[in-house]
Amino acid sequence: MTDVEAKRAVLQATGTLNRHPEAVADPLFRTGGFFDPHDLLQVRYEMVRRHQIEGLSMTTAAALFGVSLPTAYQVQALFDAGGLAGLLPKRRGPKQGHK
């Protein structure tokens, strides 16, 4: 197993594998190396950072990182509320039994 395959397996196991890496158009993620469009946490953080630190509009950031504008604002709110840990995906579906 190559390093890339091993990393993607870990991302899959932890729920942080980006399901749409092809939608990430940010130039940093297209060059390879450190920035990996398959790493959902890294993509989310970099989108928030580009908006907050570099002053990129949320509309432009959403387009560059392949998410809808409402999703970009939601990610921003999650980061504001919980920091980096807030960007981790939450468990989907029912949280407890129905009875």
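Modeller: Gladly. Let me begin with residue classes: Ala, Val, Leu, Ile, Met, Phe, Trp, Tyr, Cys and Pro count as nonpolar, Asp, Glu, Lys and Arg as charged, and the others, Gly among them, as polar. By these classes, the lining of the largest pocket has 13 nonpolar, 8 polar and 4 charged residues. Before we go on, this is a predicted model, in which local features need pLDDT of at least 70 and side-chain atom pairs count only at pLDDT 80 or more, while totals for chains, interfaces and linings use all residues. Residues are numbered from 1 along each chain as its sequence is written, and side-chain values use heavy atoms, with hydrogens and water left out.

Colleague: What makes a space a pocket, and which residues lie nearest the centre of the largest pocket?

Modeller: On a 1 Å grid over the protein atoms alone, a pocket is an open set of points with protein on both sides within 12 Å along at least five of seven lines, whereas a cavity is a set where a 1.4 Å probe fits but cannot get out; lining residues have an atom within 4 Å of a point. The largest pocket has 25 lining residues, and Asn18, Arg19, Leu40, Arg44 and Pro89 lie nearest its centre. Its space is about 650 Å³, where a volume is the space filled by probe spheres set on the points, and grid points are joined across faces, edges and corners.

Colleague: How many helices and strands are there?

Modeller: The chain has 5 helices and 0 strands, both being DSSP runs numbered from the N terminus (helices: H or I, at least four residues; strands: E, at least two). Helix H1 (3-14), H3 and H5 each give at least two residues to the lining of the largest pocket.

Colleague: Why is Gln76 called buried?

Modeller: Buried means under 20% relative accessible area, exposed over 50%, and partly exposed in between (1.4 Å probe, protein chains only). Gln76 has 9%, so Gln76 is buried. Gln76 lies in helix H5 (residues 69-86). Contact means heavy atoms within 4.5 Å, and leaving aside neighbours within four places in sequence, Gln76 is in contact with Val48, His51, Gln52 and Met58.

Colleague: What makes a nonpolar core, and which residues touch the most other members of the largest one?

Modeller: A nonpolar core is a set of buried Ala, Val, Leu, Ile, Met, Phe, Trp, Tyr and Cys residues joined through side-chain atoms within 4.5 Å. The largest has 14 residues, of which Val24, Phe29, Val43, Met47, Phe65, Ala72 and Val75 touch the most other members. Helix H3 (40-52), helix H4 (58-64) and H5 are the elements that give two or more residues to this core, and H4 supplies the largest share, 4 residues.

Colleague: Why is the pair of Phe34 and Phe35 called edge-to-face?

Modeller: Rings of Phe, Tyr and Trp (its six-membered ring) pair if their centres lie within 6.5 Å; planes under 30 degrees apart count as stacked, over 60 as edge-to-face and the rest as tilted. The centres of Phe34 and Phe35 are 5.1 Å apart and their planes at 85°, so the pair is edge-to-face. Phe29 and Phe65 also form an edge-to-face pair, at 5.8 Å centre to centre and 85° between the planes.

Colleague: Are Phe29 and Phe34 buried or exposed?

Modeller: Phe29 has a relative accessible area of 2%, so Phe29 is buried. Phe34 has 63%, so Phe34 is exposed.
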